[in-house]
Each structure stands twice: as structure tokens, then as C-alpha cells.
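Here is a short report for a reader new to this structure. Start by looking over the sequence and the model below.

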Amino acid sequence: MAASTYFLLVAFVALVISQATASDPSPLQDFCVADIHSPVKVNGFVCKDPMAVNADDFFKAANLDKPRDTMKSKVGSNVTLINVMQLPGLNTLGISLARIDYAPLGENPPHTHPRATEILTVLEGTLYVGFVTSNTDNGNKLFAKVLNKGDVFVFPQGLIHFQFNPVHDKPAVAIAALSSQNPGVITIANAVFGSKPPISDDVLAKAFQVQKGTIDWLQAQFWENKPLLTDNIE
């Protein structure tokens, strides 16, 4: 075999193997309903005995057609998540969804999902949405768009993104699908200024290039304990 042909064969085999090991394995069963109360700790949840599974494991009377209260939120939004914790049948399926209600001038503030890509569909109203790229030699680029009813926008996994209702007299509603049974969320302001214990004001003052007094003031503000995309099913 010619050296060049042998090299190409080896490269092809290496590529196939790398792709196989880099992706999730194919399901080996029809479903793996989460046993939420199992004492066994794994990356996710162990499977419930298939003989004990019933239709309710795949069902949730979530009332997602009902408006949510946005008045109690300082940022003017309410996120209702359906993930594996509410719907055990989602376990291992790599999908979840959320209804987001926005008050007039309300927002879903900058945050990131470490384990999921998000696709957002506007059901009612108008939203200004966007995401920011990771660090590059040219800085962090913003991709933003104004969405109207029926429009769709994608937020890539792990990137900081936001949604804002720019209308002062009308609420907005959106549905988001996420590519994980448990996408996770990090709200940027809460994480940076509201962590417990707090991050040193020396660290943050240096990072933001401001006086420590400004950081102390920010850390003294009331940061909502309930993060975005929590289990607030009503």
C-alpha cells in the first residue's frame, strides 16, 4: 500500500473514532424515566423500573397556556421551566422547554445555559433579543434582533444571551426549547455580584475597572435568590 494511501486511511479511521467518542451514545432502550428519589448518584438520574412506568411519567398538567405573574420580579419576567425534575420521562432525551412571560419593559437578563442550546419563539408581543460571542482578538460580538409574534431566534450553547420587551404598555410571551433535560442557568449579574460568599471587591473592582465603593454598592443590592429557569410551575 502506498504511503499516501495508508496515511489517508489512518486519518479517516482516526476521524471516525473521534466522532464516535465525541457524541452521545445511541439509546439502548425506548425510554429511561428518571427515578428522582433514587439514592444512586450518576450524571443525571438512574432509570425507573420499566414495569413501574406509566403514562403520567410522560405528562405534566403545566397550564402553559395561562399567563404568569411578572409583578413580583425586579426584572419584570417569569420563567416557567419544564425539565426532568417536573417531567421524569424527559430523562436521557436531551430536551426541555420553558414559557417566559415579560412585563412591559421587562427582561430576561443576560444569562447563559452551560448545557443547552436554546431556540426561542415569540407567541405574543415584541422582544429585543441577542447573544454575545466568546472572547476573540476582535472582542465580543453582539448578534441582536427585534422579534415579533411568530419569529424564532437561536442562542448557541454556553453563550451569554438576553431578551427584553421594549414596549411600555404591552406584555410579551415566548416559548423556549432547550437541548438538554437539565440545561442549567447562570444569571450573570446574580453570579458576579450576588454570590455567597461574595467575590472579593478587590477582584471585581480590578475586573470592571471601577472603584471598590461601586462594587460594594452593587453587592449590597437585593439579588433575587430564585434564578432564571427554575422549577416555578404554578
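## A buried threonine

Thr-80 has a relative accessible area of 0%. The cut-off for buried is under 20%, so Thr-80 counts as buried. This is a predicted model. Thr-80 sits in strand S1, which spans residues 77-82.

What joins the side chains of Thr-80 and Arg-68? It is a polar contact of 3.1 Å between Thr-80 and Arg-68.

## The overall build

The protein has four helices and ten strands. Read from the N terminus, the order is α-β-β-β-β-β-β-β-β-β-β-α-α-α. Helix H1 covers residues 3-22.

How much of the protein is buried? Of its 234 residues, 33% are buried. The protein exposes about 14,400 Å². Carbon and sulfur atoms supply 61% of that area.

Contacts can also be sorted by separation along the sequence. Take the contacts between residues at least 6 apart in sequence. Of these, 71% join residues at least 24 apart.

## The disulfide

How many disulfides does the model hold? The count is one. Cys-32 and Cys-47 form this disulfide, and their sulfur atoms lie 1.9 Å apart. Both cysteines belong to the loop between helix H1 and strand S1, and the pair is 15 residues apart. The pair is described as linking distant parts of the chain. About the S-S bond the angle is -105 degrees, and the link of Cys-32 and Cys-47 is left-handed.

Is Cys-32 buried or exposed? Cys-32 has 5% relative accessibility, and buried means under 20%, so Cys-32 is buried. Cys-47 has a relative accessible area of 37%. That value falls between the cut-offs of 20% and 50%, so Cys-47 is partly exposed.

## A glycine in the loop

Gly-44 is placed in the loop between H1 and S1. Cys-32 and Cys-47 are in the loop between H1 and S1 as well. Gly-44 has a relative accessible area of 33%. This lies between 20% and 50%, so Gly-44 is partly exposed.

Which separation is found between the C-alpha atoms of Gly-44 and Thr-92? These C-alpha atoms are separated by 7.8 Å. Along the chain, Gly-44 and Thr-92 are 48 residues apart.

Terms used
Residues numbered from 1 in each chain as written. Predicted model: local features only at pLDDT ≥ 70, side-chain atom pairs only at ≥ 80, totals over all residues. Heavy atoms only, no water. Disulfide = S-S within 2.5 Å. Helix = DSSP H or I, 4+ residues; strand = E, 2+ residues; numbered from the N terminus. Buried < 20%, exposed > 50% of the residue type's maximum accessible area, 1.4 Å probe, protein only. Contact = heavy atoms within 4.5 Å. Areas by Shrake-Rupley, 256 points an atom, 1.4 Å probe, with all protein chains shown as cover. Polar contact = N/O pair within 3.5 Å; in protein donor to acceptor, adjacent residues only side chain to side chain.
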